[in-house]
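Dear colleague,

I am passing on the structure below, followed by some notes on what was found in it. Please read them alongside the coordinates.

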Amino acid sequence: MKKFTFTLLLCILISFFAQSQQWGDYTLIAIQNQSTTTLVDTNGTTVKTWTHSTSAKTGYSAYMMPGGYLWRSVAKSGVSFSDGPVCGEVQKVDYQGNVVWDYVYSTTNYCTHHDFCPMPNGNVLLIAYDRKTSTEVAAAGGSYSGEMWSEKIVEVQPTGSTTGTVVWEWKLWNHLCQNTSSSKPHYGTSFLNNPQWMNINYHAAKDWVHMNGIDYNPILDQIVVSSHNLNESWIIDHSTTTAEAASSSGGNA
């Protein structure tokens, strides 16, 4: 009986692996804190390897884009935020390995982390920690006693080999609500009827939201981001102006 069970299980496993398929023709491998990026085909054969500077190791995400361009986040040293997925820098590398754009988005008040998203128009969407002091937290109706790392999304247009212009911005801090003080902004007793607001006191912590992934839908002109700590995904209307993005009006939605 045991022998028959083992034989049946082995046959099922062989059938499963024989019929499983890999997605697409190639797989891009970019290991965090490493200095190489590798493109392999479905046979496991290495098609291309990029060797990066040892001072520009891979941060968290990398993407192969039309035209043979490799976009990669870089784990920049010396940033003011300390966390595993903190990056602070993004690069665009051509197929020959030349860095054609090297952009730093990191200060004591903000820093890129986790994911980013190259856009069809040549710009790039970055998610970044947005540091708020304990004084700012209290002024917003927060009950957390320390500083909080809020989140923001910026669209950056490359303007030179190391420069870029923020052409659009969305900040979570502009979309908060609270029920601790009626004298402070966006006070309310029920949040269920206002899904456009985020309760500042919901699972409040220093690394509060901890966004993980970001993607862009060019057909609907919408951004989707995921929050690891809150177990949520948010869809944001990108058709707004930056001023409208700071409010709850304007845009297609």
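Two strands are taken to pair if DSSP finds at least two bridges between them, and strands (E, at least two residues) as well as helices (H or I, at least four) are DSSP runs numbered from the N terminus. On that basis, strand E4 (residues 58-65) and strand E5 (residues 69-75) run antiparallel and are joined by 5 bridges, with methionine 64 standing opposite leucine 70 in E5. E4 and E5 form a hairpin with 3 residues between them, and glycine 67 in the turn has a positive phi of about 90 degrees.

Please bear in mind that this is a predicted model, in which local features need pLDDT of at least 70, side-chain atom pairs count only at pLDDT 80 or more, and totals for chains, interfaces and linings use all residues. Residues are numbered from 1 along each chain as its sequence is written, and side-chain values use heavy atoms, with hydrogens and water left out.

The average pLDDT (the predictor's confidence in each residue, from 0 to 100) is 89 for the protein, and 91% of the residues score at least 70. Over residues 1-22, however, the pLDDT is below 50, and beyond near neighbours in sequence this stretch has 2 contacts (heavy atoms within 4.5 Å) in the model.

As for the protein overall, its secondary structure comes to 3 helices and 16 strands, and its C-alpha trace spans about 70 × 60 × 35 Å along the principal axes. Among contacts with a separation of 6 or more, 44% are accounted for by residues 24 or more positions apart.

Best regards
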